[in-house]
Amino acid sequence: MTYGTVEAMSIEAIEISAGAEPIYQAIARQFRDKVASGEWAKGHRIPSEQELVAKLGISRGTLRKAIGLLVDEGILERTQGRGTFVASEKVSYPFAQELISFAEEMRRRGQEYHTQVLSSEVIEAPAWLLSHLDAPKGSRVLSLERTRDVNGIPAVFMKNWVLLDKCPGLDQEDFTKVGLFEAIERRTGKRIKYGVRDFSAKILDKEQALIMGRKAGDPVLYMTQTTYGQDETPIEFSNLLLRTDQYQVTSVLYR
C-alpha cells in the first residue's frame, strides 16, 4: 500500500453552503465521500490543517471538529508528529490461534514492513524475569526492544528476553533483517514447541506513546508471551504493545 501525501488537487472543489447542516458536518461528509470514492487513498496523509483552513476559508476549530468526527468513525487517524491520514485497513493477526511471529505473518501475506531495533544487549536476568523463564540467578539473557511499522506507521512495540545458555550466539543476529523465532530455531537447531500468550488492555505512558506515534493515555492491546523449546522449558519471555487502530486479533474457533 502506498504511503504518502494526498494531492491538493480537489480541495478547492469542496463547496460549503449555508443551510441547516452545520459546517463541520458538511466538511466531514465531503471528506468522507473523498475517502469512499478512493480519491483520498488509504494510508495517505491528508493536507495540513493550515492548508485546509486557508483553502476552505473556515476556522481551525471547525476543521478540527470535522476531522475529529472522522477519527471517531475510524475513517481518519492522527499520528503524533506526522499528521492526519486516511485510515488503512487493520492487519488481522492470528495472535490468539497460532504461534507465529509478526515477521512470519507479514511475509505470509506479502505485506511490507520495517523493523527498527531500539536496543539489543546482553544482561543478567533481573529477579522479576527469573520466574518467567524458570531460570537460576545469574542467568544471562539477550534483552531486545524493537518496533515494527506497516505503511510507515508503528504497529507493534516488542520487548523480548531470551536465555542465552539455551540459544548461544543469538546476540550476533541482525534483527532488522531476521525474525526472533527464526533466529532462535536456527541457533538451537530445534523448532519452538509452543507458547503461552495472555492479553489485556493497557494505556500508553509518555515514553511508549512517543515510540508508537500516539498520545499518552491512548489504549493499546497488551500481550505477554512465554515461549517453550522442545524440552518444554521456557526459552523466551516477551511483552508487546499493539495499536488497536492498526491491528485486530483474529481467532477461528471450532465447536
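Predicted model: local features only at pLDDT ≥ 70, side-chain atom pairs only at ≥ 80, totals over all residues.
**Alanine 135**

Residues are numbered from 1 along each chain as its sequence is written, and side-chain values use heavy atoms, with hydrogens and water left out.

I placed alanine 135 in the loop between α5 (127-133) and β5. Helices (H or I, at least four residues) and strands (E, at least two) are DSSP runs, numbered from the N terminus. Setting aside neighbours within four places in sequence, I found alanine 135 in contact with Leu130 and Leu163, where contact means heavy atoms within 4.5 Å.

**Sheet**

I then traced the open sheet: six strands, ordered β4-β5-β6-β9-β8-β7, with antiparallel pairing. Two strands pair if DSSP finds at least two bridges between them. I noted β4 (114-124) and β7 (194-203) as the edge strands, each pairing on one side only. On average, neighbouring strands are turned by 15° against each other, direction ignored. Axes are lines fitted to C-alpha atoms, for helices over the stretch in contact, and angles run from 0 to 180 degrees between N-to-C directions.

Between β6 (residues 153-163) and β9 (residues 234-242), which run antiparallel, I found seven bridges. Asparagine 160 has serine 238 in β9 as its bridge partner.

**Helix α6**

I checked what packs on the sheet and found helix α6 (residues 180-188), which touches β5 (140-150), β6, β8 (219-228) and β9. The direction of α6 makes about 170° with that of β9. Its buried residues are Leu180, Phe181, Ala183, Ile184 and Glu185. Just after α6, glycine 189 has a positive phi of about 75°.

**Cores**

Last, I looked at the nonpolar cores, each a set of buried Ala, Val, Leu, Ile, Met, Phe, Trp, Tyr and Cys residues joined through side-chain atoms within 4.5 Å. The largest has 18 residues, and Phe31, Ile46, Leu63 and Leu76 have the most contacts inside it. Two or more residues come from each of α1 (23-37), α2 (49-56) and α3 (60-72); α1 gives the most, with five. A second, separate core has 14 residues, among them Leu142, Leu144, Val162 and Ile235.

Notes: Buried < 20%, exposed > 50% of the residue type's maximum accessible area, 1.4 Å probe, protein only.
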